[in-house]
Amino acid sequence: MGRFLLKRLGLATITLFLLSVIVFFGAQVLPGNVARRILGPFADQAAVDALNKNLGTDRPLLTQYWDWISSFFRGDFGDSFSYGVPVSDLIGDALLHSLKLAAFAFVMVVPLAILGGVIAALKRDRLIDRVITIGGLSLAVVPEFVSGIILILVFGLWLDLLPVSANAPEGSSFFTQLKYLLLPALTLVILLFGYIARITRAGTIESLDADYTRTAYLKGLPRQVVLRRHVLRNSLLPTIAVVATQTGFLVGGLVVIETLFNYPGMGKLIFTAASQKDFPLLESAVLISGIGFLCATLVADLSYSLLNPRIRYARAE
Amino acid sequence: MTTIEDPAAPIAIPIRPDEASVARRERLRLLLRSPTFIIGCVLLGVWVVCAIFGTLIAPQNPQADDILNKLVAPSGDHLFGSDRLGRDVLSRVMVGAREILIMAPIATILGTVLGTAIGLVTGYYRGLVDEAIMRLVDAVLAIPLIITALLAIVALGPSRITIILVIGFVFAPIIAKTVRAAVLSERELDYVQAARLRNERSPYIMFAEILPNVMGPIIVEFTVRLGYAIFTIATLSFLGFGADPSIPDWGKDIAEHYQFISADVWWPVLFPSIAIATLIIGINLIADAIAQTFER
């Protein structure tokens, strides 16, 4: 297990390094002249030079990269250009908001999607299976702003059941806050349901067809027990992996959903940074969400192999 | 079969049709009988027709302002209502298909061609380059496409070229991963060994021998990615990072009229939303049906 863990961590570190280079490239190399890009083509050359000096973008690229990445890991993300405050102040709050929204969505979507996937697998190739798999995937591929707007129109305006804004009034109770978060969270549920259900379905079908399941039936175990003890335990393994990879989708989805519902999380922050050409903020926010994704996949990978020794040994090769 | 063969007739040696083309025809037959595929084609077909002939068949000029009749609810004059400048929503929805249906396929083709080449080379040679590219794939996948696209647009300024390039470049490693996996299992097969023994050159083996046998996953991947390209381009327009603000565009039209829905003006928002949803769902139904025929 030790070697396996070490190998995973090593690979994750290399990926993290490449990720930081990509982000740095996008924010500090691609624009050519960063200050010119921020201030526009008509700005005074002196102002451009001053801003470049201020941002540190007039130095050699290697120095810039090293400076950025070393202070990043010391927790110093620099100052936001548009807000004029340290980036870390902005990101802390935003991260918390996003986690709240994401956690709410996951609490709803994971059990729902697993249930859907298992039902689809048990009723394989029947109507309900087609509805769950094709319906789920069709909903998952619709952009979040489209599904979000349709939810707002139906539940927020026509049925008038739910608040359209994600922000509960100051000092509301936990449940009121949840009520305000329900529409954005449901938009995420729609985005994630199809993939998780599809993987659960595939995993369940595989273990339904497996020899150990046939043996369990043949030794006379009741169907309920076979399903619970033999089928589900094995079929839920791939689901863990897919839930982790969905966090990537989640962050992308949050940019749109938080903008749509005007919710002050990471996604909204990334959107604002992009609209304001706030490179320091954008750079840190993107790198942090990328690191979040890498951590999630790493945790999933490890828990997957902890739960399944077959993988652990096969992959450690 | 009622005819009895004449034993004295010369034995006709049937020309054995090439197995691959039989398999291809069989797949096509299955595809044409699949309801998912047919529904997908109908949905996509509607928007392709709008993209090609939109300006000819649209009932009104999609750019014509009519300030006296702004935000008119759907009626005989404006089947889908009119927008904040009095422009006909139906016409804008029809013409809006063009831009996205030109950009998305170009970006996807770019990604598929690049990705296939990378996947073939890395899967065939393996080794260090292969490892390095797989790590790069992981790193690219750690940032959602929409955020990479935002970063690139902020850095380079919004233009069609930027959007096409960024989508293509992000798709390339993803497609390479799929192609590589397929190549890894093909390269051990006898026909590849035979080609090696014949002293064929590596590029020939990769592109003439292996490539035709991994077309299945590539076609599936292309269709799925096409859906994502449309997803991304529409989302960028919605966020205000579209390439060209002057032409009718579903995402941009939705963003511009989003503020009016609290006044129950839903038509300039709902109809373009349905347009995006049906186009993407159509493409994904096609992708799903194709994937199923290759799985058999």
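Predicted model: local features only at pLDDT ≥ 70, side-chain atom pairs only at ≥ 80, totals over all residues.
B:Val179 lies in helix H7 of chain B, helices being DSSP runs of H or I of at least four residues, and strands runs of E of at least two, numbered from the N terminus. Residues are numbered from 1 along each chain as its sequence is written, and chains are lettered from A, with ligands numbered from 1, in the order in which they are written.

With 25 other C-beta atoms within 10 Å, B:Val179 is buried; a residue is buried if 20 or more other C-beta atoms, placed from the backbone, lie within 10 Å of its own, exposed if 12 or fewer do, and partly exposed in between. Residues up to four places away in sequence being left aside, B:Val179 touches B:Gly115, B:Thr116, B:Gly119, B:Leu120 and B:Gly123, as well as B:Val214, B:Pro217 and B:Ile218, where contact requires that the C-beta atoms of two residues, placed from the backbone, lie within 7 Å. The C-alpha atoms of B:Val179 and B:Ile118 are 8.4 Å apart in space, although 61 residues separate the two in sequence.

Helix H7 (residues 160-186) of chain B and helix H4 (residues 97-125) of chain B have axes that come within 5 Å and cross at roughly 35 degrees, the axes being lines fitted to C-alpha atoms, for helices over the stretch in contact, with angles from 0 to 180 degrees between N-to-C directions. The crossing of H4(B) and H7(B) is right-handed, a term used where the near helix is turned clockwise from the far one by less than a right angle, left-handed being the anticlockwise case. The contact of H4(B) with H7(B) comprises 20 nonpolar, ten polar and two charged residues; Ala, Val, Leu, Ile, Met, Phe, Trp, Tyr, Cys and Pro count as nonpolar, Asp, Glu, Lys and Arg as charged, and the others, Gly among them, as polar.

Chain B as a whole has twelve helices and zero strands, and its elements follow the pattern α-α-α-α-α-α-α-α-α-α-α-α along the sequence. The radius of gyration of chain B is 25 Å, well over the 19 Å that the globule rule gives for 296 residues, so the chain is more spread out than a compact globule; the radius is taken over C-alpha atoms, and the rule is 2.2 Å times the number of residues to the power 0.38. Along the principal axes, the C-alpha atoms of chain B fill a box of roughly 85 × 65 × 25 Å. Of its 296 residues, 46% count as buried, and among contacts in chain B between residues at least 6 apart in sequence, 73% join residues at least 24 apart.

Chain A has 13 helices and zero strands. Its C-alpha atoms fill a box of roughly 85 × 60 × 35 Å along the principal axes, and buried residues make up 40% of its 317 residues. Among contacts in chain A between residues at least 6 apart in sequence, 69% join residues at least 24 apart.

Between the two chains, 39 residues of chain B are in contact with 40 residues of chain A. On the side of chain B that touches chain A, helix H5 (127-142), helix H6 (145-156), helix H10 (215-239) and helix H12 (267-295) of chain B each supply at least two residues. The residues on this side of chain B divide into 29 nonpolar, six polar and four charged.

Several local features of chain A concern its loops and an open helix. A:Asp125, in the loop between helix H5 (87-122) and helix H6 (127-141) of chain A, has a phi near 65 degrees, a positive value in a residue other than glycine, and counts as exposed, with 7 C-beta neighbours inside 10 Å. A:Asn262, placed in the loop between helix H10 (223-260) and helix H11 (266-275) of chain A, likewise has a positive phi, near 55 degrees, and counts as exposed with 12 C-beta neighbours inside 10 Å. In helix H9 (residues 211-218) of chain A, the number of buried residues is zero out of eight, so this helix lies largely in the open; just after H9(A), A:Gly220 takes a positive phi of about 90 degrees.

The model scores ipTM 0.83 and pTM 0.85. Chain B averages a pLDDT of 84, with 93% of the residues scoring at least 70, pLDDT being the predictor's confidence in each residue, from 0 to 100. Within chain B, confidence is highest in H4(B), at a mean of 91, and lowest in helix H1 (residues 19-32) of chain B, at 79.
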